Amino acid sequence: MSLDHLPGSTSILELPRMLADPLGFLAARQRRHGNVFKTRIGVPTVFLLGPEANKSVLVTSRERFSHKGGYRVTPLAALL
């Protein structure tokens, strides 16, 4: 699945920025891109922030989300 349609960055510089100030990093990205954005923290990652996103992932649209599907594209999948 392509993440091209999502706002955000795929720069390899995202990880050091996030490690330096995790909450500041997320707050800045949320202000710039909204509650759904992509970044690259080692691997391409999508953040969904806020109460509506939590409800969608955990309750109303659970069947549309899969951690298993996401792990298939990461190096961690080789260990599972």
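Leaving aside neighbours within four places in sequence, Phe25 is in contact (heavy atoms within 4.5 Å) with Glu14, Arg17, Met18 and Thr39. Phe25 also belongs to the largest nonpolar core, together with Met18, Leu26, Phe37, Phe47 and Leu49, six residues in all. By nonpolar core I mean a set of buried Ala, Val, Leu, Ile, Met, Phe, Trp, Tyr and Cys residues joined through side-chain atoms within 4.5 Å; buried means under 20% relative accessible area, with a 1.4 Å probe and protein chains only.

Residues are numbered from 1 along each chain as its sequence is written, and side-chain values use heavy atoms, without hydrogens and water.

The mean pLDDT of the protein is 81, and 80% of its residues reach 70 or more. Over residues 76-80 the pLDDT is below 50, and this stretch has four contacts in the model beyond near neighbours in sequence. Where pLDDT is low, the predicted coordinates should not be read in detail.

I turn now to Lys38, in strand β1, residues 36-41; strands are DSSP runs of E, at least two residues, numbered from the N terminus. Which side chain of opposite charge is nearest to Lys38? That is Asp4, 4.7 Å away; Lys38 is buried yet has no salt bridge, a term requiring a side-chain nitrogen of Lys or Arg within 4 Å of a carboxyl oxygen of Asp or Glu.

How values were computed
pLDDT = per-residue confidence, 0-100. Helix = DSSP H or I, 4+ residues; strand = E, 2+ residues; numbered from the N terminus. Buried < 20%, exposed > 50% of the residue type's maximum accessible area, 1.4 Å probe, protein only. Lys, Arg positive; Asp, Glu negative; His and termini not counted.
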